[in-house]
Amino acid sequence: MPESAIKFGAYESAKRAFARLEGHNDPKRLKPTSQFLSGGCGGMVAQCFVYPLDTLKFRMQCEVVEGGLKGNQLIAATARKVWNKNGLLGFFRGLPLGLIGMFPYAAIDLSTFEYLKRTLLARKARLHGCHEDDVPLSNFTTGAIGAFSGGVSASVVYPLNVLRTRMQAQGTVLHPTTYDSIADVVRKTIQAEGFRGLYKGLTPNMLKVAPAVSISYVVYENSKRMLGLR
């Protein structure tokens with residue numbers, strides 16, 4: 001919840017800031033470059049805020065063993081283990097790689113969605129002979145272009161997500177400490193599994209990302225209309 005809220009909030013703020021820099025104060029008239037940068041900024045801001053929770057989630061997924069802790073006890077024990085071993089920095093392990101991956105992911109996702117939405121709205125407005133604000137997209141169309149934009153962006157940056165996840169998960173019961181740095185995880189992954197190893201798990205990730213992004217855009221667009229936001 002906080003990741004989506006922060007991402008969309010930062011994205012809208014960045015669009016307004018770039019619109020002022022362009023001298024027209026209209027986020028709907030942004031140049032493609034500004035639109036792309038706005039999306040990337042929104043994603044990076046959200047990533048910084050929720051990254052410790054992502055780290056905790058990944059480590060919990062790797063800590064569950066038969067007869068081990070579960071539920072809130074596992075959450076607390078995992079957090080203590082990370083803190084005792086690496087302090088606060090332990091929750092941000094792999095953050096630079098995460099930010100490098102999040103910028104193009106969010107930028108491609110949000111800018112692709114906005115481009116497709118504007119194109120479809122302009123076409124629909126021409127057909128009906130009215131203003132674009134008077135012909136909102138259906139939930140099905142919004143969901144479809146959201147799934148497409150999310151799928152494209154997730155595919156482009158997936159190797160970075162694989163490397164980030166391996167950095168976050170190491171040091172758990174099932175994943176001993178293996179990598180010293182970002183360069184080390186890249187080198188060892190390619191040596192052991194080839195370049196195909198960078199795309200391990202892509203299919204289940206796409207099965208998650210497409211509907212998740214689709215639903216988030218449907219909720220986002222409907223929420224903006226309900227609140228009277230443009």
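In this predicted model, the lining of the largest pocket draws at least two residues from each of helix H1 (2-22), helix H2 (32-63), helix H4 (95-128), helix H5 (139-169) and helix H7 (202-226). Among these contributors, H5 gives the most to the lining of the largest pocket, its share being nine residues. The space in the largest pocket comes to about 1200 Å³. The lining of this pocket is made up of 41 residues, and those closest to its centre are Lys57, Phe58, Arg164, Asn205 and Lys208. By residue class, the lining of the largest pocket divides into 19 nonpolar residues, 13 polar residues and nine charged residues. Because residues of the lining come both from domain 1 (1-91) and from domain 2 (93-199), the largest pocket lies between the two domains.

Taken along the principal axes, the box filled by the C-alpha atoms of the protein is roughly 65 × 40 × 35 Å.

For H1 and H4, the axes come within 12 Å and cross at roughly 70 degrees. An angle between 65 and 115 degrees counts as roughly perpendicular, and H1 is therefore roughly perpendicular to H4. The crossing of H1 and H4 is right-handed.

H1 is also paired with H7, and the axes of these two helices come within 12 Å and cross at roughly 55 degrees. With this angle, H1 and H7 are oblique to each other, and their crossing is right-handed.

A further pair is formed by H5 and H7, which pack with their axes 7 Å apart and at an angle of about 135 degrees. H5 and H7 are therefore oblique to each other, since angles count as roughly antiparallel when they are over 145 degrees and as roughly perpendicular from 65 to 115 degrees. The crossing of H5 and H7, too, is right-handed. Both H5 and H7 belong to the helices that each supply at least two residues of the lining of the largest pocket, with H5 giving the most to that lining.

Conventions
Residues are numbered from 1 along each chain as its sequence is written. This is a predicted model: local features need pLDDT of at least 70, side-chain atom pairs count only at pLDDT 80 or more; totals for chains, interfaces and linings use all residues. Side-chain values use heavy atoms; hydrogens and water are left out. On a 1 Å grid over the protein atoms alone, a cavity is a set of points where a 1.4 Å probe fits but cannot get out, and a pocket is an open set with protein on both sides within 12 Å along at least five of seven lines; lining residues have an atom within 4 Å of a point. Grid points are joined across faces, edges and corners, and a volume is the space filled by probe spheres set on the points. Helices (H or I, at least four residues) and strands (E, at least two) are DSSP runs, numbered from the N terminus. Ala, Val, Leu, Ile, Met, Phe, Trp, Tyr, Cys and Pro count as nonpolar, Asp, Glu, Lys and Arg as charged, and the others, Gly among them, as polar. Domain bounds come from an automatic or database domain assignment. Axes are lines fitted to C-alpha atoms, for helices over the stretch in contact, and angles run from 0 to 180 degrees between N-to-C directions. Angles under 35 degrees count as roughly parallel, over 145 as roughly antiparallel, 65 to 115 as roughly perpendicular and the rest as oblique. A crossing is left-handed if the near helix is turned anticlockwise from the far one by less than a right angle, and right-handed if clockwise.
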